[in-house]
Amino acid sequence: MPPATAGGFMSTRFRRALTTVVSVLTAAVLAVSVTAPAGAGTGLSPASADQPASAAACAATWSPTTAYSGGKTASHHGRNWTARWWTQRETPGSTSVWVDAGPCTGGGDDFVVSRAEFDAIFPKRHPFYTYDGFVDALGAYPAFASTGTPETRTREAAAFLTHADFESVGLRYVKEINEANYWIKCDDEQPFGCPAGQTAYYGRGPIMFSWNFNYKAAGDALGIDLLNDPWLVEEDPSVAWQTALWYWNTQNGPGVMTSHQAMVSGAGFGQTINSLNGALECDGGNPASVQSRVDRYVRITEVLGVAPGSGLTC
């Protein structure tokens, strides 16, 4: 399929504007057709229905060594979690014993990567990639960098940040550089198509997240309409990190396990490369690229003060 020509497709900016106008008009029509008073059936007054509830204060930070009886609450990655029954050493969000009680503010930072370490790993990053945006995204996948021993957790964070470092060149780029290839990332044989435009699904974020089917799947999992608004990945730092975490925690890619499983099972960093790029790099596909990733991983583990472990190559 040849690339889209200027005369053959609407510009991305015009398409976004048109989509916004249609959405506004649709919302107006729906509003006129609804006769129930504001807040009906919700228990909210018209005024409170328009006001988002403020986040609760964070409970004490979850600790793997603390025993929690049923009904006890702990905070983890900016969210409160309530234990359904007695538990210890079970990460909030990773098992059914914990119930998500919603976002919270003012809690302690229990992430294995500190702000200072993040800054040291990415000293020349683009301002878009904030530490706060990264930490905010962790709530989407609470088991990430929270499973296993402290060493295992830290290695997983190091491995994830290594691939972000590699794919976005030290977090210097928010989106794919080669605009001539944007049109390729639309698989128009998918039943949902490319409603945001043929050139809208280019690589964005820390792992250069791309392709319309990935935007659809990640958006569905995260509760964000990324298929119709893929630009959110380059506009909201938390969303950018969430898409990367979605792939890391849920997708095998060409490999045999997710990258999360590779790190918590002890398979090692090499299997995360396999999950990302498979034979393009592994099994002799591109030894130089594999070694570059390994070198970056070793450097980042040094910053985080943990040994890199075994199984570094693929």
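# Helix packing and aromatic contacts

Q: Is the crossing of α5 and α8 left-handed or right-handed?
A: Helices here are DSSP runs of H or I with at least four residues, strands are runs of E with at least two, and both are numbered from the N terminus. A crossing is left-handed if the near helix is turned anticlockwise from the far one by less than a right angle, and right-handed if clockwise. For α5 and α8 the crossing is right-handed.

Q: What kind of model is this?
A: Residues are numbered from 1 along each chain as its sequence is written, and side-chain values use heavy atoms, without hydrogens and water. Local features need pLDDT of at least 70, side-chain atom pairs count only at pLDDT 80 or more, totals for chains, interfaces and linings use all residues, and the model is predicted.

Q: At what angle do α5 and α8 pack?
A: Two packed helices are described by the angle between their axes and the distance between the axes. Axes are lines fitted to C-alpha atoms, for helices over the stretch in contact, and angles run from 0 to 180 degrees between N-to-C directions. The axes of α5 and α8 are 12 Å apart, and the angle is about 115 degrees.

Q: Which residues of α8 make the contact with α5?
A: Contact means heavy atoms within 4.5 Å. From α5 come Glu156, Ala159, Phe160, Leu161, His163 and Ala164. From α8 come Trp241, Ala244, Leu245, Trp248 and Asn249.

Q: Which residues touch the most other members of the largest nonpolar core?
A: Buried means under 20% relative accessible area, exposed over 50%, and partly exposed in between, with a 1.4 Å probe and protein chains only. A nonpolar core is a set of buried Ala, Val, Leu, Ile, Met, Phe, Trp, Tyr and Cys residues joined through side-chain atoms within 4.5 Å. The largest has 59 residues, and those touching the most other members are Phe111, Phe118, Phe134, Phe144, Phe160, Leu161 and Trp241.

Q: Which helix gives the most to this core?
A: Helices that supply at least two residues each are α3 (115–121), α4 (131–137), α5 (150–167), α6 (212–222), α8 (237–250), α10 (269–277) and α11 (287–304). With 8 residues, the top contributor is α8.

Q: How many residues are in the second, separate core?
A: This core includes Trp62, Tyr68, Ala74 and Trp81. Its size is 7 residues.

Q: Why is the pair of Phe128 and Tyr129 edge-to-face?
A: A pair of aromatic rings is described by the distance of the centres and the angle of the planes. Rings of Phe, Tyr and Trp (its six-membered ring) pair if their centres lie within 6.5 Å; planes under 30 degrees apart count as stacked, over 60 as edge-to-face and the rest as tilted. The centres of Phe128 and Tyr129 are 5.2 Å apart, and the pair is edge-to-face because the planes stand at 80 degrees.

Q: How far apart in sequence are the parts tied together by Phe134 and Phe160?
A: These rings are stacked, 5.9 Å centre to centre with 15 degrees between the planes. Phe134 is buried at 0% relative accessible area, and Phe160 is buried at 1%. Phe134 lies in α4 and Phe160 in α5, so the pair ties together parts separated by 26 residues.

Q: Which ring does the charged end of Arg293 sit over?
A: A charge sits over a ring if NZ of Lys or CZ of Arg is within 6 Å of the ring centre and within 35 degrees of the ring normal. Arg204 lies over the face of Tyr202, 3.7 Å from the ring centre. For Arg293 the distance is 3.8 Å, and the ring is that of Phe166.

Q: How many residues of α10 are buried?
A: The buried set is Phe269, Gly270, Thr272, Ile273, Asn274, Ser275 and Leu276. Their cover includes α5, α8, α9 (259–264) and α11. Of the 9 residues of α10, the buried number is 7.

Q: What is the phi of Met208?
A: Most residues other than glycine have a negative phi, and most peptide bonds are trans. Met208 lies in the loop between α5 and α6 and counts as buried at 16% relative accessibility. Its phi is positive, at about 50 degrees.

Q: What is the relative accessible area of Trp211?
A: Trp211 is found in the loop between α5 and α6. Its phi is positive, near 80 degrees. Trp211 is partly exposed, with a relative accessible area of 28%.
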